[in-house]
Structures are given as structure tokens and as C-alpha cells.
Amino acid sequence: MLVACGGGEAEEVEVVEVEAAGESEPSAAAEPEAPPPLFTRRRPLMGTIFIVNVDAPEAVAAPAVRAALDEIERLETVLSEWREDSEISRINAQAGIEPVRVSDEVFAVVKAGVEVSRWSEGAFDLSWAALRGLYDFRPGRQRVPELREVRRRLRLIDYRRIRLNEEEKSVFLTQRGMAIGTGGIGKGFALDRAGAILREAGIDNYMLFAGGQVQVHGRRGDRAWRVGIMHPRENANYFGFLENDGGSISTSGDYENVYVDEDGRRWHHILDPRTGEPVERSMSVTFVAPSGLYADALSTAAFVLGPDRARALLEELPFEAQLVHVGSDCSLHRNNVDESLVMRVELADGKLPNCAE
């Protein structure tokens, strides 16, 4: 997710497991046995809270979950642009000077970020971080920059000037002042690695959270995992949920880190890297992809593009994905989504209720 909040990385939209509302209750005789409680641990990392839920005995779960969280913590040291000693910070410090050799993990994340930048024609741009610090959405500290400030930074945003050398495993930003930011892609990669560690330990049923991204694998008892999608204008309410037994689900929304000015304009943290201003084509996007490495960046790209162009992006991807998109007019768009999306509200003329500003 593209963030530009001063003073540190902003926590993203939370997507949680929910039970379906309005489902008919089974009779007492037919009531299924409740699934066992999950083993859960959480840890503050990468500017948000990572939560690991597994369906496994504690003797198996405890060391595996600890190892998964430790791996995420290790990845933070190399991927976070907020840490001066990270590999990402070294890349940014050497912009316009020389290429920087990086670890396999960092190279994989940067390469995927450039791919999504190219697929979306810059709607997601890994070099967005040149805009960092211009806006501040913290209560009492809100700041909206003047247009001339934004325009000065825009010349430093261009994913085509990120040079990758596969053989050397190096990254080079060709212009001084350029900066890449992994806030919209690094968490997904960390979830991928955490999931791999759990599976290596023999744990097949789990749900992982990292801000606006959820990764699931296996089952929750006798059913798939259920991941709620936040209503963009009703705090803590969910208009539906997705059932999934193996994928990464990322939501980007305009309802976190938001400031409404005296003229009623909504300023929020998802910026169009081509204009430097908050996007007005979308209210929320939920993207389902095979891996977290791509889901988070693609949800941001789809949000920036708006419903029609996001659908075209989906059709061009080299892997199967799903998209649930709430447009700026409250219209709900479902792409490649069938019965896996269960609605909790009724639409009116294809739009969510209680959604308008």
C-alpha cells in the first residue's frame, strides 16, 4: 500500500476473519462441532502488527510461530526504508552514484515491485518514496503540501530508472534524490516467508495478518477461512467476506489515515505516483493473488487505476487473481470472483448501502 505519512510507516487497513451474518442457524441436532481454538501470537513489526493464527497443538505451533515471526523481524532489518542501516536505505543513499549489491530477498522484492510498476504502467511505482514526508495525516498534525512542492518531487518518480542486474544482484537508481519504498510490497513477502516456515514445520492450516494483508492456507475446521472486507464508510462493519483456502488477500482503502479539509475534500494516504495527489477513483480494493509479494502492490495499483482500468490490469497478469473493487460512486465490481464472495448487505442498483459521503 502506498503510504506517505510523516513520522514513520502508517499502519494499514485491517482485514479480519469474520463469521457470516444472516446465515440460517442449524438445528441443535445438526450443529457442527466447533473447531478447536487457534494458537495465536502477535508482534509489532514493519510499522504494523503481525498476527499468526495456526490450527496445531502448542508443542508444534509455539516453535514454528516463533521462527516465523523471527524471520519477519529479520526481513525488516533489510527491507525497511525507515531503518538507516537497511539494504533499501543503502540503495536510496547511492541513488545517482553507483549500483548496490543486495541479498536475494531484497532483489526479489525490488524485482517484483518493478514488475507491478510495469504491469500497471506506473499506477503503482516502487520509486514513489520520493513523495515521503510531503503529507501528514496524523490527528492534529495534518499537512497538505502546496502543488509546487509535489511537482518538484514528481520528476524523481519513474520505475523505468530502476536498474536491476540479475547476475550481480544489484539495484541502481539512476538519478540522485530517487528513493524506493517497500511499504507496499515488503509485508507481503514477509508473509510468504512466514507461511513457508509454518508449512515446513508441518502446519497446513493457518491465517496470517499484516495490516491490510491476510494470508491463509488450508482450512478452519470443516470450511475455508473467511476474510472480511471492510465497508469503506462504516467503521468496523464488513459488507462481505471472502472464503479462501490458499492465497494472499490485500485490501487498500481511503478510510485510514484520512483528513477532510474545510472544503470537504478528502485527503488520504494512497497517492497516485503520477500526480502526487490522493486517488479519487476508488474507495476500496481487495485483491486476491497467489502470493503476498504481489497482492499488496496490486491492490494499490488497482485502487489508483479505478474499476475499469483495474479490470484490464487483472486480465493481463501472468497468474490467476481476483478483485473486489468499490468505486468512488459506491458501485461494487467483482472480477473473477464467484461464490467465494459472500455478501452481508444488499446492494441497491449495484452500490453499497450507507456508502456516500
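Where is the place of Leu347? Leu347 sits in the segment after β18 (341-343). Before going on, two remarks on the model. This is a predicted model, in which local features need pLDDT of at least 70 and side-chain atom pairs count only at pLDDT 80 or more, while totals for chains, interfaces and linings use all residues. Residues are numbered from 1 along each chain as its sequence is written, and side-chain values use heavy atoms, with hydrogens and water left out.

Helices and strands here are DSSP runs, numbered from the N terminus (helices are H or I, at least four residues; strands are E, at least two).

Back to Leu347. Its relative accessible area is 29%, so Leu347 is partly exposed; buried means under 20% relative accessible area, exposed over 50%, and partly exposed in between, with a 1.4 Å probe and protein chains only. Not counting residues up to four places away in sequence, Leu347 touches Leu332, Arg334 and Leu352, where contact means heavy atoms within 4.5 Å. From Leu347 to Leu332 the C-alpha distance is 8.3 Å, over 15 residues of sequence.

Next, the cores. A nonpolar core is a set of buried Ala, Val, Leu, Ile, Met, Phe, Trp, Tyr and Cys residues joined through side-chain atoms within 4.5 Å. The largest one has 80 residues, and those with the most contacts inside it are Phe50, Val54, Ile91, Val110, Ile162, Leu198 and Phe287. Apart from that core lies another, of 21 residues, with Met207, Phe209, Val324 and Leu352 among them. As for Phe287, its contacts beyond four places in sequence include Ile249, Leu298, Leu314, Leu317 and Leu323.

Now helix packing. How do α1 and α5 pack? Helix α1 (residues 58-79) and helix α5 (residues 186-200) have axes 9 Å apart, at an angle of about 150 degrees. Axes are lines fitted to C-alpha atoms, for helices over the stretch in contact, and angles run from 0 to 180 degrees between N-to-C directions. The two helices are therefore roughly antiparallel; angles under 35 degrees count as roughly parallel, over 145 as roughly antiparallel, 65 to 115 as roughly perpendicular and the rest as oblique. The crossing of α1 with α5 is right-handed, that is, the near helix is turned clockwise from the far one by less than a right angle. On the α1 side, the residues in contact include Ala64, Ala68, Ile72 and Leu75, and on the α5 side they include Phe189, Ala194 and Leu198. By class, this contact has 12 nonpolar, one polar and two charged residues. Ala, Val, Leu, Ile, Met, Phe, Trp, Tyr, Cys and Pro count as nonpolar, Asp, Glu, Lys and Arg as charged, and the others, Gly among them, as polar.

The axes of α1 and helix α3 (residues 104-119) come within 10 Å and cross at roughly 70 degrees. That makes α1 roughly perpendicular to α3. Arg74, Leu75, Val78 and Leu79 of α1 meet Glu105, Val106 and Val109 of α3. Those residues divide into five nonpolar, no polar and two charged.

Last, two loop residues. Met46, in the loop between β1 (39-45) and β2 (48-54), has a phi near 50 degrees, a positive value in a residue other than glycine. Met46 is buried, at 8% relative accessible area. Lys169, in the loop between β4 (162-165) and β5 (170-173), also has a positive phi, near 55 degrees. Lys169 counts as partly exposed, at 26% relative accessibility.
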